[in-house]
4 protein chains.
Amino acid sequence: MYSFLNDYSEGAHPRILKALYQLNQEQNMGYGKDVHSDRARAYIKKELKKEDVDIHFISGGTQANLLVISSFLRPHECVISADTGHINVHEAGAIEATGHKVLGLPTKDGKLTPQLISKVLRYHKDEHMVKPKMVYISNTTELGNIYTKAELMALREVCNENDLLFFLDGARLGAALTCDENDVEMWDLANLTDVFYIGGTKNGALLGEALVIIKEDLKKDFSYLIKQRGAMMAKGFLMGIQFEELFRDDLYYKLAKHSNDMASILAKTIRDRGYSFYARPETNQLFPILPNSLIDKLSEEFLFMIDKEVDEEHSVIRLVTSWATSADSVEKFCKAISD
Amino acid sequence: MYSFLNDYSEGAHPRILKALYQLNQEQNMGYGKDVHSDRARAYIKKELKKEDVDIHFISGGTQANLLVISSFLRPHECVISADTGHINVHEAGAIEATGHKVLGLPTKDGKLTPQLISKVLRYHKDEHMVKPKMVYISNTTELGNIYTKAELMALREVCNENDLLFFLDGARLGAALTCDENDVEMWDLANLTDVFYIGGTKNGALLGEALVIIKEDLKKDFSYLIKQRGAMMAKGFLMGIQFEELFRDDLYYKLAKHSNDMASILAKTIRDRGYSFYARPETNQLFPILPNSLIDKLSEEFLFMIDKEVDEEHSVIRLVTSWATSADSVEKFCKAISD
Amino acid sequence: MYSFLNDYSEGAHPRILKALYQLNQEQNMGYGKDVHSDRARAYIKKELKKEDVDIHFISGGTQANLLVISSFLRPHECVISADTGHINVHEAGAIEATGHKVLGLPTKDGKLTPQLISKVLRYHKDEHMVKPKMVYISNTTELGNIYTKAELMALREVCNENDLLFFLDGARLGAALTCDENDVEMWDLANLTDVFYIGGTKNGALLGEALVIIKEDLKKDFSYLIKQRGAMMAKGFLMGIQFEELFRDDLYYKLAKHSNDMASILAKTIRDRGYSFYARPETNQLFPILPNSLIDKLSEEFLFMIDKEVDEEHSVIRLVTSWATSADSVEKFCKAISD
Amino acid sequence: MYSFLNDYSEGAHPRILKALYQLNQEQNMGYGKDVHSDRARAYIKKELKKEDVDIHFISGGTQANLLVISSFLRPHECVISADTGHINVHEAGAIEATGHKVLGLPTKDGKLTPQLISKVLRYHKDEHMVKPKMVYISNTTELGNIYTKAELMALREVCNENDLLFFLDGARLGAALTCDENDVEMWDLANLTDVFYIGGTKNGALLGEALVIIKEDLKKDFSYLIKQRGAMMAKGFLMGIQFEELFRDDLYYKLAKHSNDMASILAKTIRDRGYSFYARPETNQLFPILPNSLIDKLSEEFLFMIDKEVDEEHSVIRLVTSWATSADSVEKFCKAISD
């Protein structure tokens, strides 16, 4: 059974594993204060064309999300998210557990707009309601879609006008930045957001997200907060070594590009066979609408998530490709769908 | 500079790294629902001679501590700890951040006793004060000392009598169970505590603590709580693979034993040179009291923590050995202290 | 300017004030452990035809809501509410501040149904999402509507089937139980809910809500939780005296009935003048849709809240009557709307 | 049985009750936005000789404490208190429930000193420990003692030097400011602290503490935080009316002075009979050490708390006088102790 369940089914890209192996006996300082983390930070700053940012390596996405939101909001402040946002549905109430409401807004395609945000701001006008203070988006979104540069700039503007922090969850940022229709560069994010992260777990690392804090007054004491939430790895150098390898050259982008390329082949075949999609295929997550009979047949050979029913005879499934997805397995899936 | 700063300065034991390497391309289910985690659980249950326990792999000690305490206490309940306990001083308020008071009791040697606990219980008698509901100990303690079986049994008894949960932090459990004076077996803990963990991060794993929930009514819904605190690793199988390797045979004990052996050599030499210790040397953390001039000299060749001043001319330092400490480096240190 | 802004614009009903005056110099035990609180409890138990309930007096509605929800849920559990529910919109994130998500469901009329709840339960099926554990309703609702006995029984059933706690916010319970179309008795609530409260603040008391805990295993240690949230009044006997007076005879119902009667006169006049309502008028909160020009005119003589725009020329206003609303002021309003 | 249990056994001073009675039918805005609250604020500002402070009326001391501390600290920051401080022992973990550690320091007499604070600051030096950010004191202390102006100035200085907020719990501020040895004026507090409150509950009001926020950047959005913690009274004007009456002239001081005077008579008699005190008698809380046989005898006529055993034959009791304590009852107690 080949798995298209997610992009974290395998270990790490061989180059990353090799780096870990070679440095295994080297003694390093704990808690991310080691030379590899420092080198990884330097590579990422270079990529961002910006020196005055703080970079912390965090072990996972939910951890990064709850850490950012709870660190930067006062108790009465809340975060605005698409109602499909990861923080709103798939983190078991992690944000609320730190004391903050998530205002989940219905959207057409999982993407927030200035209009949606403005409407919420007009409604939340006195001290009997929570005070919106942060905008959370994910890129790619939970439906595999991306934000254009123009869209990000418009969100930045509404944040500026309303004194809102702008936070981008980049658990799948690689996939976003390497897809065909993308017009955003990594360094744009250092100008457009206040804080964002570069996902490693879903793009070839064993684990790790590189959290970038851009806004000056968010930087203070962040290490305390990492420690307090249990997010400070003793052997933080393990994440340093991995990001050093990912950003030493263009490995990070190559892995994401491969993932998108594999998805493109799947998407083209599915479309060619006459099937439509629940969300527009752009990156490494695909949501084709297939007949249940076909889904049953595919399930004999492949693992994937059945997302929801469309009607009595059709359902949406989710297919996810990764840095590790082989051309061979993609070919087999295409063949299976075509028979 | 050779480091005796801690027991998490290197990567993983070669056998563990090899296992990760060999299984790297294998597809596994996410979130700890993989076959390796299951096998690791089976090995540990066998070691515990007990089948009806729940085992979850958590990425670090602070994470495990805050997760256990916040999951099992109601809002008004608190945890009793030695005032030197990790949760009381070295977790940046992680427990309080989840809403619970830590009652830190002054102790002679970092170890709780039934007498200390009973005194606290007598004092906390009405609803104007927090209600003690859990006893937290660490074995080895933060000073490197161990609990005897008789001491653990006495704590179990006071917990039974007062409806208290008994939680053992085993971040350095390997060192405790393999030191010369130990009379506790791993399986004793499954009978004596309600929940404890087996530390991997400080005993040869890249990361990971195996949390064992023994008491039946603590088991329910624990996965939700792991997810909510950001402690659910996407690639949970990485911890499964490591614990599978550690408990497939006696590797876990061998690594800890080596760590203690290296410390014994250091301790003997230090004592032979006429120096005393702040805490009795038993395991892989040593707290010798040395002249400041000697400390300065040692600092030229070795990294270690200076713990506190004793008088104007003497200080306590902390030396930590690990599974990776070489006999050669120990010899060099012994020579340096003797010259 | 006469105010129809709310039902807490005046002090207390004269009988309550008189009781406070007469008992002013009497010494009483603190924290609700006084004879008046005990007598009030006895009166309420008699009213509920049930002895084995715990009754605590709490100073306000938000306080009572956050206390109940945070005391009875584990960290990963959430509460289901209408999206118009007080806890979801008008408590500044009070519930989330205690760590719990509020699942706010869109409803037709501010009332939850078994269908809505079942749909949510089907969707929340694994540990990546919060776990629904409590149903919260308010009676009257925030739109002034009431639940019928059949509706409450149906909700009880869905709670039983799914192991959910059923919590009724009775900040305006008096208005609900004394309106014409009501078929619920106070004692029904002791059989249908697990916990509910009888609002005093909005029905003639200076302050105070009588919280009734019915389900046995929710009772333990509740005093600790009251204290911890800052909700334990030093002079708790003040609330005891007030509820003693409210339930010594039928004063509680009389005050609420008066409030509804005053609203009925307003509603009839408004309807007779040809205006419609945003929500069906049933109790002491009315939501007529009026022309903006009329609203402007009324604003010269009366205070009321403008709730929302309907179209360019019409808006919804909220009129609230209380135990203190005079027939004279109602007559004046009716005249003003008719001129 | 006459009660010396506490200073909140009776209702309100007759002048306060009369004011409530006279204004009972007056319509007022809710949530503290009424004219009486405004007038009370004006009186207090005049008393403080300072206009640019924010004043909020809060229903009780624990409520005020948890509100202040949770509003002004970031998650990793903690508050320093005497270990006898109300927040450390007698609020059922209210501060920790909002996420913050209380560092309770052993003191000689319940009073913090710059030396004690500096020692704690030196120890808390990295991100593995909580970060001290606020100093909490109570005046009078929990043992009935007061801070001199010089002591407060020294604390202010250590706060300034270390960027700490200075918070004074004035639940019994009246007693502190009117005792014989006091050299602090109410307006000094507006220059020396960042935030403090003026206790009403324990000095003649039904309920209410006037919270004064002095430091500019603490003022923002405080109403949201009051609401969120359930501390916003619907009929906030009730507290406004009471503080208006207390500060319209010198009633607040008169009531506190009476309380201290009654205690002085008791203290003198106790001392004259040859008994000593556990804490120096200064205000309305006395802690005499009496023979158990005498305590038994007194218990037949009077209610008071037995604080702790001193030896087999002696115990410390607590006697509290109030604005309502009659000269007659004091005389009776003196007689009883002398017989």
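Two residues are in contact if their C-beta atoms, placed from the backbone, lie within 7 Å. The views show a predicted model, in which local features need pLDDT of at least 70, side-chain atom pairs count only at pLDDT 80 or more, and totals for chains, interfaces and linings use all residues. Residues are numbered from 1 along each chain as its sequence is written, and chains are lettered from A and ligands numbered from 1 in the order in which they are written.

**View 1. The contact between chain A and chain B.** Each chain contributes to this contact, with 40 residues from chain A and 40 residues from chain B. On the side of chain A that touches chain B, two or more residues come from each of α1 (14–22), α3 (61–72), α5 (94–97) and α10 (222–228) of chain A. Helices here are DSSP runs of H or I with at least four residues, and strands are runs of E with at least two, numbered from the N terminus. This side of chain A holds 18 nonpolar, 17 polar and five charged residues. Ala, Val, Leu, Ile, Met, Phe, Trp, Tyr, Cys and Pro count as nonpolar, Asp, Glu, Lys and Arg as charged, and the others, Gly among them, as polar.

**View 2. The contact between chain D and chain A.** Here 13 residues of chain D meet 13 residues of chain A. At least two residues on the chain D side come from each of α3 (61–72) and α10 (222–228) of chain D. α10(D) gives the most to that side, with five residues. By class, the chain D side has three nonpolar, six polar and four charged residues.

**View 3. The open sheet of chain B.** Seven strands with mixed pairing follow the order β2-β8-β7-β6-β5-β3-β4 in chain B; two strands pair if DSSP finds at least two bridges between them. β2 (54–58) and β4 (102–105) of chain B are at the edges with a single partner strand each, so one side of each has no neighbour in the sheet. β2(B) runs antiparallel to β8 (residues 209–213) of chain B, joined by five bridges. Within this pair, B:His56 is opposite B:Leu211.

**View 4. Surroundings of C:Val135.** In the largest nonpolar core, A:Val135, B:Val135, C:Val135 and D:Val135 touch the most other members of its 363 residues. Such a core is a set of buried Ala, Val, Leu, Ile, Met, Phe, Trp, Tyr and Cys residues joined through C-beta atoms within 7 Å; a residue is buried if 20 or more other C-beta atoms lie within 10 Å of its own, exposed if 12 or fewer, and partly exposed in between.
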